[in-house]
Amino acid sequence: MAQTRTITRKKLAALGVLDFASRALPAVWRPQSATSRVPQSFLVVEPWGIGDVVLSTSLLRALRARFPAATITLLAKAHAEELLAESALVDEIIVFDFPWTSFTRKFHLGRYVPTEFQKLLRSLRQREFDVSFDARRDIRSNVVTYLAGARRRIGYDFGGGSHLLTDVLPSGTQNEHKIADWLALLDPLGVECSEEFVPSLTVTDDEKALARKRLGAAGFSTEQPIVGVHPGAGHPVRRWSADRFAAVIDRISSNRDVQILLFEETAGDSAEISPSSSVTRMQSDLRGFMALVTQCDLMLCSDSGPMHIASALGVPVTALFGPQRREWYGPRGELDRVVQVDEMACRPCFDACIFATPLCMEGITAAAVADAVIAQLDRIETHAQGQTS
């Protein structure tokens with residue numbers, strides 16, 4: 001199973017206290033018992049980042065295929081609405097921003113408003129879910145699904161609060177990819193899923209047409225490959241230096257006849273990346289970004305939400321991995337490539353770097369990344385020729 005956080009003695013002690021306290025919940029309130037009928041309604045809990053929601057689509061796809069008549073609800077942040085628009089993977093998205101999922105101020109008491117939690121739980125109980133799923137191994141999620149009243153609550157045996165679940169899966173060796181973690185949650189329902197259910201997102205033909213029009217207006221040609229570059233990452237320790245991105249852009253531009261599309265999350269946030277070769281910078285909302293990605297032949301980015309988006313849209317990725325393990329969260333497409341410093345005893349640190357600067361990212365050289373991108377472009381060209389022959 002893919003780990004989600006560093007486990008320290010302090011955290012284990014805190015989990016023990018929370019687990020003990022949560023054992024009082026059944027004395028206060030109990031959900032309805034599970035029935036033998038085929039489930040008609042599912043609650044999937046994924047309240048974390050963009051990439052996390054993308055990975056959860058593996059389970060959503062499997063549910064839709066195996067239970068086509070069921071209602072599927074996702075509990076997530078607001079970005080899930082844009083990510084899953086037009087996908088038909090869910091019937092409803094309940095938006096809630098749990099304070100503990102924030103990168104900053106997650107324990108600020110002012111962010112924990114009891115009336116908002118009460119409103120959420122009332123809303124969830126009204127839906128009378130047959131089954132809930134959570135792959136986070138987090139006692140807080142187990143408390144939420146318990147108080148939401150789901151008849152069957154499927155999750156893992158680590159992270160505290162497993163007594164609040166009806167079906168508890170073993171964490172095992174903790175070496176599986178996150179996709180496997182999501183799909184394994186179907187085992188208690190007697191559903192066997194191969195990994196054919198890979199993460200997937202949908203961009204409409206109209207959205208793609210608008211992206212092509214925007215690129216055409218910016219001078220992009222359909223005759224040359226487009227390499228998208230997204231330098232950002234939600235966690236600062238996963239970001240690579242601007243000068244190295246610039247060096248890679250210059251190297252691949254001088255070695256291959258390509259067009260570079262540099263994505264900006266906000267205007268000017270890529271200003272420090274100043275290659276000598278020509279680049280076009282673009283800013284867009286999430287749906288617009290997804291549409292632009294579909295027009296790229298390759299995406300260069302860090303371990304981030306955009307990496308997972310590109311992979312789920314079938315666009316080959318060159319991903320720079322630092323503090324996280326590729327075995328758990330890396331892209332797995334045939335044409336994908338991960339570049340990393342292989343020997344890092346402190347990996348994974350779950351973005352809590354013990355050094356003044358992230359050595360795992362600093363150790364990735366511009367030459368290694370440029371070589372990887374150039375090799376991928378050659379493989380993509382060969383693959384495309386094979387598809388058409």
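# A conversation about a predicted protein model

User: How much accessible surface does the protein have, and what share belongs to carbon and sulfur atoms?

Analyst: The accessible surface of the protein is about 17900 Å², and carbon and sulfur atoms account for 52% of it. Please keep in mind that this is a predicted model.

User: How many helices and strands are there?

Analyst: The protein has 14 helices and 12 strands. Its radius of gyration is 22 Å, close to the 21 Å that the globule rule gives for 389 residues, so the protein is as compact as a globular protein of that length.

User: What does the C-alpha trace span along its principal axes?

Analyst: The C-alpha trace spans about 70 × 50 × 40 Å.

User: And what part of the 389 residues is buried?

Analyst: Buried residues make up 52% of them. As for contacts with a separation of 6 or more, 64% are between residues 24 or more positions apart.

User: Let us turn to the strands. How do β1 and β2 pair?

Analyst: Strand β1, residues 41-45, pairs with β2 in the parallel sense, over five bridges.

User: Is β2 mostly covered or mostly uncovered?

Analyst: Strand β2, residues 71-76, is mostly covered, with five of its six residues buried.

User: Now a helix. Where is Thr145 found?

Analyst: Thr145 is found in helix α6, which covers residues 139-148.

User: Is Thr145 buried or exposed?

Analyst: Thr145 counts as buried, because its relative accessibility is 2% and the cut-off for buried is under 20%.

User: Which residues is Thr145 in contact with?

Analyst: Leaving aside neighbours within four places in sequence, Thr145 is in contact with Val45, Ser132, Ala150, Arg153 and Leu165.

User: Why is α6 described as largely enclosed?

Analyst: Eight of the 10 residues of α6 are buried, so the helix is largely enclosed by the rest of the structure. The buried residues are Ile139, Ser141, Asn142, Val144, Thr145, Tyr146, Leu147 and Ala148.

User: What is the distance between the closest N and O atoms of Arg287 and Glu207?

Analyst: Arg287 and Glu207 form a salt bridge in which those atoms are 2.7 Å apart. The pair links distant parts of the chain, 80 residues apart: Arg287 is in helix α10 (residues 286-294) and Glu207 in helix α8 (residues 205-217). Both Arg287 and Glu207 are buried.

User: What about Arg238 and Asp303?

Analyst: Arg238 forms a salt bridge with Asp303, and their closest N and O atoms are 3.2 Å apart. This pair also links distant parts of the chain, 65 residues apart. Arg238 lies in the loop between β7 and α9, and Asp303 in the loop between β10 and α11. Arg238 and Asp303 are buried.

User: And how do the side chains of Arg256 and Asp378 meet?

Analyst: They meet in a salt bridge, at 2.8 Å from N to O. Arg256, in the loop between α9 and β8, and Asp378, in helix α14, are 122 residues apart. Arg256 counts as partly exposed at 28% relative accessibility, and Asp378 counts as partly exposed at 30%.

User: Where is the place of Val229?

Analyst: Val229 is in strand β7 and counts as buried at 1% relative accessibility.

User: Which residues does Val229 touch?

Analyst: Not counting residues up to four places away in sequence, Val229 touches Phe245, Ile249, Ile260, Leu261, Leu262, Phe263, Met299 and Leu300.

User: How far apart are Val229 and Ala150?

Analyst: Val229 and Ala150 are 42 Å apart in space, C-alpha to C-alpha, and 79 residues apart in sequence.

User: Last one: which residues form a nonpolar patch on the surface?

Analyst: Ile354, Phe355 and Leu359 form that patch, with about 290 Å² of accessible area together. Ile354 is in the loop between β12 and α13, and is exposed with a relative accessible area of 64%.

How values were computed: Residues numbered from 1 in each chain as written. Heavy atoms only, no water. Helix = DSSP H or I, 4+ residues; strand = E, 2+ residues; numbered from the N terminus. Buried < 20%, exposed > 50% of the residue type's maximum accessible area, 1.4 Å probe, protein only. Contact = heavy atoms within 4.5 Å. Patch = residues over 30% accessible without salt bridge, like charges linked within 9 Å, V, L, I, M, F, W, Y side chains within 5 Å. Areas by Shrake-Rupley, 256 points an atom, 1.4 Å probe, with all protein chains shown as cover. Salt bridge = Lys/Arg side-chain N within 4 Å of Asp/Glu carboxyl O. Rg over C-alpha atoms; globule rule 2.2 N^0.38 Å. Pairing = 2+ DSSP bridges.
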